[in-house]
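Open the structure in your viewer and keep the selection tool ready. We will go from stop to stop.

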Amino acid sequence: MHRLWVAQIILLFALFFSISCLTDPNAPEQLKVEITSVEFSGDYIWQESGQDSGRSNEAVALAAPIDGVRGLLCRFTIRWTRFTDSDFASYKLYRSASPGIPENTGDRILLKTLYVDSVTSYDDTYQLDWDSTYYYRIQVEDVFGKSWWSNEVTITAPVPELTGSSVMPLPAPELSITANGWVGFDLTWTACHQEWFEGYSLFRSNSSNISENPEDAELVFQTGSMTDTVFTDLGLTPDLHYFYALRLDAKLGQHVWSNEVTGETHIPYPDQISLSFGFDESANYFEDRIVMDGDGNYIYFVVDHYLYVSPRTELVKLTSSFSWAGSATLDYPGIAGPFDIHPDGTKAFAAENYRNPSKVLVFETSGMTLEDEIEIGNNIQWIHVLSTGQYVYFLQSGRIDVYTTGDYSLVTRIYSSQIVEGSRLCSSSDGTRLFCSSPGAILIFDTSTHEIVSTIPVAYNFLDIRFSGDGSRLYGVGYSGDLMAIDLQSETVLWTSNPGSPIGGMCLLSPDDDYIYLTHTGWYNPLVFIVEASTGDLVDQVYMESGHRRGYGIESSPDGMHVYLISKNTSGRPGIHMLSR
């Protein structure tokens, strides 16, 4: 009996010891799932779509075909042991760029959740990079919500190398070039959508064959974005040829060149007389002004009391013209005096100063038919249509009459002793200010009230004044050929200049506000002076090939590529000229 009791005590102790060993908290937990391998299963050889490469176990890219070619992916294959419990729910495969996936919740990503216990491998192709290290773990869950982590494995993606004839068939981009102003170009090219795209590199040179000697060219633009396919190259040297070629850069050091394009820069202003149109010997009268319509399609001028309209690209007289010649009711028929064109090009206002009282003739320009007459009274010295087209101003000695351009009704009369016969008018591009030259001052009017809001002292009575396109400056030319630039914000003189003309004429500001064209009213060449608008420095002169002429009114095409002027020869016969580069 005593022995039986002792045996039972020993059996209970052994059982307790056995259970204690199984539940030792310090003992390692047995893995429910173990990742047995992770290996690189991609390939770096390129092959034509649908062709057999002849390589065993070659992994063809999963990307969609591009131009009949498939590129290859970086890919890892992960394998693990099967979860054998009957209460299996799922495998969750995690990846991270750093170790410690269970704790590293911010960096890890869930690649895939698998719900079939017999699936024990997975191919990872999601946003993998070459020469980068990755970590993997699997979390297995049962139907009761309990989960277990597998072991953690790591692998580094290789740096593939292209060997032999294994090159990527990159499509060569198509490069195009168009001029942007006088000294610039716009470059565009077709986009590359290959998955191994790395960047575009645009080269410029003054010599051809850039792709053969890229080290002699200048890298002017580089980007890593597939969609950056436009580059504007400005501020180049005038009067030179430039060559461009684009290199499409791909990963693994591969690249392909585009076609080569070329363009020529030019001196940034018209510098020679390209066309001239002389009137016959019967023409002995002209107005010293030439005007462009708002769209820049037509030029207007008055010769021999006719108002002419001509396409600015052709210096020819059109049949659609109007004249009072032949009317027996007029003492002296025809247009005689200043004129201006509405900004929208639909109406022309021309003075008839030989009448008493003087009148303004209003023409509808599409057919050059007389639409109306406005009786003014005194001789009209200048006509100006507001830049916004709302009002037309008729300047006379001592006053300016303001009329609407719709029904030609009188708005007001501005009286001032500072308004004289030689005064000139211009307006700001927004139509809020009217500028009037007078001896020793520029008068500035508010066009909403027609009151003088400021007076700027100047040294000259300007023959012509022009407003800069950006609204910051006013330029004027005096009788002696002196030019002046006025800053309108501070109302101070920026510079004065005399480019060499003994007698001043009319001035013109180029559309880009960079240059001033000054006509020469003396009998000697040059006909036009070209001046730097920012400094007043003379940069060029335009000469007549033969004969002598005095230059008067001058106007520019909207793109600045052509300048038009009216002149007269020693016999007083007028002519129209076009300047080009």
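Which order do the strands take in the open sheet of four strands? The order is E38-E39-E40-E41, with antiparallel pairing. Strands here are DSSP runs of E, at least two residues long, while helices are runs of H or I of at least four residues; both are numbered from the N terminus. Two strands pair if DSSP finds at least two bridges between them.

Before moving on, note that this is a predicted model: local features need pLDDT of at least 70, side-chain atom pairs count only at pLDDT 80 or more, and totals for chains, interfaces and linings use all residues. Residues are numbered from 1 along each chain as its sequence is written, and side-chain values use heavy atoms, without hydrogens and water.

**Stop 1**

Select strand E38 (507-509) and E41. They stand at the edges, each with a single partner strand, so one side of each has no neighbour in the sheet. From one strand to the next, the twist averages 20°. (Axes are lines fitted to C-alpha atoms, for helices over the stretch in contact, and angles run from 0 to 180 degrees between N-to-C directions.)

Now select residues 528-532, strand E40, and residues 538-542, strand E41. Four bridges pair them in the antiparallel sense. Val 531 stands opposite Leu 538. Val 528 has Val 542 as its bridge partner. Five residues lie between the strands of this hairpin, and there Gly 536 takes a positive phi near 85°.

**Stop 1: the largest core**

Stay on Val 528. Which residues does Val 528 contact, leaving aside neighbours within four places in sequence? They are Tyr 517, Leu 518, Asp 540, Gln 541, Val 542, Ile 554, Leu 565 and Leu 579. Contact means heavy atoms within 4.5 Å.

Val 528 also belongs to the largest nonpolar core, which has 28 residues. Such a core is a set of buried Ala, Val, Leu, Ile, Met, Phe, Trp, Tyr and Cys residues joined through side-chain atoms within 4.5 Å. Buried means under 20% relative accessible area, exposed over 50%, and partly exposed in between (1.4 Å probe, protein chains only). Among the residues with the most contacts inside the core are Tyr 393, Ile 400 and Cys 436. Strands supplying at least two residues each include E27 (391-396), E28 (399-404) and E40. E27 gives the most, with three residues. A second, separate core of 24 residues includes Phe 76, Ile 78, Phe 88 and Leu 111.

**Stop 2: Cys 426**

Select Cys 426 in strand E30 (residues 425-427). Is Cys 426 buried or exposed? At 7% relative accessibility, Cys 426 counts as buried. Beyond four places in sequence, Cys 426 touches residues including His 384, Phe 435 and Phe 467.

**Stop 3: aromatic rings**

The whole structure has 21 aromatic pairs. Take Tyr 391 and Tyr 393: their ring centres are 6.4 Å apart and their planes at 65°, so the pair is edge-to-face. (Rings of Phe, Tyr and Trp, with its six-membered ring, pair if their centres lie within 6.5 Å; planes under 30 degrees apart count as stacked, over 60 as edge-to-face and the rest as tilted.) Both tyrosines, Tyr 391 and Tyr 393, are buried.

Then select Trp 80, Phe 83, Phe 88, Tyr 91 and Trp 148, which form one aromatic cluster.

**Stop 4: strand E8**

Select residues 133-142, strand E8. Eight of its ten residues are buried. Eight bridges join E8 to strand E5 (residues 88-96), running antiparallel, and Leu 93 has Ile 138 as its bridge partner. E8 also pairs with strand E9 (residues 147-149) over three antiparallel bridges. In their hairpin, with four residues between the strands, Gly 145 takes a positive phi near 90°.

**Last stop: the whole protein**

Zoom out. The protein has one helix and 44 strands. Of its 581 residues, 48% are buried.
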